[in-house]
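Visitor: Hi, I've got a model open here and would like to talk it through. Could you walk me around?
Guide: Happy to, let's take a look.

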Amino acid sequence: MSTQPSQSQSILIYRADAFQVSDGANLGDAISVCDDLVPNDVYTLKTGSTRERLSVHALKDGKFTIAENTEIGSPRATLHLDGALILMSPDGQNTDAIVLVEVDQDGHIADIYLLPLAPLIEKTDYTLVGVDKQAARQKFAQVACVSFTRGTHITMASGAQTRIEDLQVGDRVLTRDNGSQQVRWIGQSTLRATGDFAPIVVTAGTLNNSNDLTVSPDHRLFVYQRSDQIGAGQSELLLKARHLVNGESVYVQNGGFVEYFQILFDSHHIIYAEGIAAESMLVDPRTKPALPAELLKKLSAMPEHAGRDSHGLDVQEALLNRPDAIQLLKRASMK
């Protein structure tokens, strides 16, 4: 089986020594591999700690390596998802986190990182209440799964608008490039709307959408530029929702809980949600652990989904980091 890497994806992590035991059996120790952790130890984020960008390749065999364009870690080193943690703050709120372990060529631990799935606050005590070595891959996959929120209207093959929660397996949905396509699976999960799981709201009219569209942060929206307004050098663009946030017409809906839905087809498609062209779920080595086992067996008999850039240029954040990005994109799609 080929183990060539797919396109890299960036995550924001803390170095292990930024998160240390302030009370408990491992007093003074940094977060470590799961076998060394002791339940009920209390951790505190060091003052002045910042998250750094770790670029990750998901290999076809399900393993991970550190990508070349990383800000931290050694490129091409193996990266293990050691385990999923549950951290409880004094107000009783739980925060999920993942322990990542970088391994050198000799199989020795080179570094340890913490990937929190919700913001950690300085000078706050976090009690370690759960350690699950089996759940890390699933948690990591959930972050990568593109999702729509309850109430989102999906354009059907007939032209009808159906709320995503009313879709059924077997229904036919309109796709941009391949006409009518049959829904193979619909995923559903309820998560705390914080950190990497806080949804992004694209308000009505921002990208010529009829209603507000609320999606997961890494959900990519499709824009066809009739004129290249942002200098991408290509007309067909895929834009992560999080990279469009301006605090006004596109903003983060933080707090409470969010109900996410994923739509899966035999292939990766661009569909229409609230009138905006947006991607369906992409099955790749990182997202596979989020799927039920029985579905994975069926998928093994199907061709793999095409790569992340099969529907257009995956636009990087730097190109969108300008105050007029939304206006330019809207203008480019209309001219």
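Visitor: Let's start with a cysteine: is Cys34 buried or exposed?
Guide: Cys34 counts as buried because its relative accessibility is 6%. Buried means under 20% relative accessible area, exposed over 50% and partly exposed in between, with a 1.4 Å probe and protein chains only.

Visitor: What kind of model is this, by the way?
Guide: This is a predicted model, where local features need pLDDT of at least 70 and side-chain atom pairs count only at pLDDT 80 or more, while totals for chains, interfaces and linings use all residues. Residues are numbered from 1 along each chain as its sequence is written, and side-chain values use heavy atoms, leaving out hydrogens and water.

Visitor: Thanks. And Cys145, buried or exposed?
Guide: Cys145 is buried, because its relative accessibility is 5%.

Visitor: How many disulfides are there?
Guide: The count is zero, taking a disulfide as a pair of cysteine sulfur atoms within 2.5 Å.

Visitor: New topic: how much of strand S21 is buried?
Guide: Six of the eight residues in S21 (residues 257-264) are buried, so the strand is mostly covered. Strands here are DSSP runs of E with at least two residues, and helices are runs of H or I with at least four, numbered from the N terminus.

Visitor: Which way does S15 run against S21?
Guide: S15 (residues 185-192) pairs with S21 in the antiparallel sense, over eight bridges. Two strands pair if DSSP finds at least two bridges between them. Arg192 is opposite Phe257 in S21.

Visitor: And what about S10?
Guide: S10 (residues 148-149) is also antiparallel to S21, joined by two bridges. Phe148 has Phe261 of S21 as its bridge partner.

Visitor: Which residues have the most contacts inside the largest nonpolar core?
Guide: Phe148, Leu244, Ile263 and Leu329 do, in a core of 33 residues. Such a core is a set of buried Ala, Val, Leu, Ile, Met, Phe, Trp, Tyr and Cys residues joined through side-chain atoms within 4.5 Å. Elements supplying at least two residues each include S21 and helix H4 (325-334). H4 gives the most, with three residues.

Visitor: Last one: which classes of residue line the largest pocket?
Guide: Its lining has 15 nonpolar, nine polar and ten charged residues. Asp, Glu, Lys and Arg count as charged, Ala, Val, Leu, Ile, Met, Phe, Trp, Tyr, Cys and Pro as nonpolar, and the others, Gly among them, as polar.
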